[in-house]
Amino acid sequence: MRVIREDNLIKKNERVAVAVSGGKDSLTLAYLLKELQARYPFEMEAIIIDEGISGYRSHTLSAAKKQLGELGIEYHIESFQENFGKTLDCFVKNNEENACATCGVLRRYVLNKKARELSCTKLSTGHNLDDEDQSIIMNLMRGDVIRFSRGQNYYKKISDKFVERIKPLRYFLEKEIVIFALFNKLSFDSSECPYAEYAMRGEVGKFLDRMEESRPTTKYSLLSGYDKILPALNQSFITESIGVCEICGEPTMDGTCMRCKILEK
Ligand code: SF4
């Protein structure tokens with residue numbers, strides 16, 4: 001809550017969408033925003049994405065609906081099936097290694113679209129310090145200098161079609177959030193997505209855990225160092241030009257946006 005106040009993440013009477021998966025991070029975020037709402041006026045609605053992952057998403061959906069119901073937060077469920085005519089399982093059949101990349105692009109698209117439809121001016125996600133550090137390292141390891149240099153609200157700065165993202169939990173360790181969620185008896189689901197085993201993120205996460213154990217505060221130092229160099233990275237590697245996708249009309253750097261490339265395939 002101090003982060004929200006000091007970084008001025010939510011303005012008075014602003015309308016905020018919170019992305020909820022049913023896991024500890026997003027439900028902790030929903031809980032904290034609800035607490036904040038008791039002292040500070042703003043509106044909030046939750047968006048739950050059902051990617052269509054058999055044996056996994058139904059558990060997390062139940063947890064999300066139960067906890068949001070208890071908190072009295074209105075929610076909207078958006079599925080890949082309704083938005084794209086297929087579940088994630090169908091998209092990645094026999095190509096499971098690409099599950100997270102496909103899931104990420106489509107999920108970001110749906111979240112942004114729904115938040116815009118709900119007239120929200122902020123889209124709040126439950127990314128924690130571990131998630132942020134993993135993304136920094138993964139972008140570097142892939143040599144993806146452009147993504148590494150963008151930062152979270154690059155698109156918002158250059159197109160009004162993007163709802164501004166906020167990540168109030170980005171300075172908190174994953175294990176701190178687990179403790180908070182357990183202490184406050186939040187009914188989160190802790191099952192793991194079956195596609196997580198194919199993701200580079202898990203391996204990078206284990207490496208960072210080892211570094212943190214032998215050199216405490218490594219995770220925090222990595223993120224704060226990155227935040228300090230981000231303005232310089234922005235200036236050096238990012239151009240301000242953006243066009244619109246020739247298929248769907250959404251903003252994109254290329255002629256066709258990533259979502260349409262996936263759907264075409
Ligand atoms: S682990 Fe990958 S496929 Fe599963 S929900 Fe997360 S991003 Fe999507």
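V145 lies in helix α8, residues 145–150; helices here are DSSP runs of H or I with at least four residues, strands are E runs of at least two, and both are numbered from the N terminus. At 36% relative accessibility V145 counts as partly exposed, because that class sits between buried, under 20% relative accessible area, and exposed, over 50%, with a 1.4 Å probe and protein chains only.

Before I go on, the conditions. This is a predicted model, where local features need pLDDT of at least 70, side-chain atom pairs count only at pLDDT 80 or more, and totals for chains, interfaces and linings use all residues. Residues are numbered from 1 along each chain as its sequence is written, and side-chain values use heavy atoms, with hydrogens and water left out.

Back to V145. Together with I146 and F237 it makes a nonpolar surface patch of about 230 Å². Such a patch takes residues with over 30% relative accessible area and no salt bridge, and joins nonpolar side chains (Val, Leu, Ile, Met, Phe, Trp, Tyr) within 5 Å, or like charges within 9 Å. A salt bridge would be a side-chain nitrogen of Lys or Arg within 4 Å of a carboxyl oxygen of Asp or Glu. Areas are Shrake-Rupley, 1.4 Å probe, and for residues only the protein chains shown count as cover.

P231 is in helix α12, residues 218–237. P231 is exposed, at 52% relative accessible area.

Next, the ligand. Which residues surround the ligand? They are L88, C100, C103, R107, C193 and Y195, where near means a heavy atom within 4 Å. Helix α6, residues 99–117, gives the largest share of this shell, 3 residues. By class, the shell has 5 nonpolar residues, no polar ones and 1 charged.

N94, in the loop between α5 (88–91) and α6, has a positive phi near 65 degrees without being a glycine. S119, in the loop between α6 and β4 (122–124), also is not a glycine and has a positive phi of about 60 degrees. N94 counts as exposed at 70% relative accessibility, and S119 counts as exposed at 52%.

Key: Nonpolar A, V, L, I, M, F, W, Y, C, P; charged D, E, K, R; others polar.
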